[in-house]
Amino acid sequence: MKIVYFVTGNLGKVREAKEMFEKLGIDMQQISYGYPEIQSDNLGEIAKYGAKNAAMYLKKPIIVEDAGMFISALKGFPGPYSAFIFKCIGNEGILKLMRGVKNRNAQFKSVVGYCEPGKEAITFSGSVEGEISEESRGNMGFGYDPIFLHQKKTFAQMSTEEKNKVSHRCMALRKFAEWFCKDI
Ligand code: IMP
């Protein structure tokens, strides 16, 4: 059985990745190591830098994942700064910023970075379109899930399995898994 080491401290991401990798017969192990994240507008660059650093430090082939929510009416905000903005203003803050705004289109983007020690990182990306809801709904998932509507339900109203069928993260992880297993 192939093993994937996923370097993250985010248990929401771990739950989603585990569900997906299990279905593909891949054993996923979490490693909780806080690798440095560079400041960049580009999720790919953040994931590449993080993956290279984590692989070098842990001396193992690993994956990291960087994600963000991009709101069209706010010119892509909070984008690569999603984690920081979530900590500062949370979902209620985003709903306040969006009060009275007609264009509620938003996108989640994810980049998975894979790296072996001493090598360059490779990246795989995924995205999903949705809308910012008028109010918070649902209690599953994590982060912006309660305000991200995808076809009438927020991500927080979906089980992990349902979210995994459509999510940005799963799209990126699936691309990685196809590449990772191509020699089997
Ligand atoms: P990072 O990928 O750890 O830098 O985190 C980006 C931030 O975006 C997270 O802290 C969450 O607040 C948010 N985020 C990323 N992916 C998701 C998701 O699938 N659902 C909800 N929020 C997410």
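I'll start with the sheet pairing: β3 and β5 run antiparallel and are joined by ten bridges. This is a predicted model, so please hear everything that follows as computed from that model. Within this pairing, isoleucine 63 stands opposite tyrosine 114 in β5.

Staying with β5, its other partner for today is strand β6, residues 122-132. These two also pair in the antiparallel sense, again over ten bridges. Here serine 110 of the pair stands opposite glycine 126 in β6. The hairpin of β5 and β6 has six residues between the strands, and glycine 118 takes a positive phi near 80° there.

How much of strand β5 is buried? Nine of its eleven residues, 105-115, have under 20% relative accessible area, so the strand is largely enclosed by the rest of the structure.

Now the largest pocket. Its volume is about 740 Å³, and 32 residues line it. Nearest its centre lie Lys13, Glu37, Asp66, Ala67 and Ala83.

Which elements supply at least two residues each of that lining? They are β3 (62-71), α3 (82-97) and α5 (168-180). Among the contributors, α3 gives the most, with five residues.

How values were computed: Residues numbered from 1 in each chain as written. Predicted model: local features only at pLDDT ≥ 70, side-chain atom pairs only at ≥ 80, totals over all residues. Heavy atoms only, no water. 1 Å grid on protein atoms, 1.4 Å probe; cavity = no way out; pocket = protein on both sides within 12 Å on 5 of 7 lines; lining within 4 Å. Points joined across faces, edges and corners; volume = space filled by probe spheres on them. Helix = DSSP H or I, 4+ residues; strand = E, 2+ residues; numbered from the N terminus. Buried < 20%, exposed > 50% of the residue type's maximum accessible area, 1.4 Å probe, protein only. Pairing = 2+ DSSP bridges.
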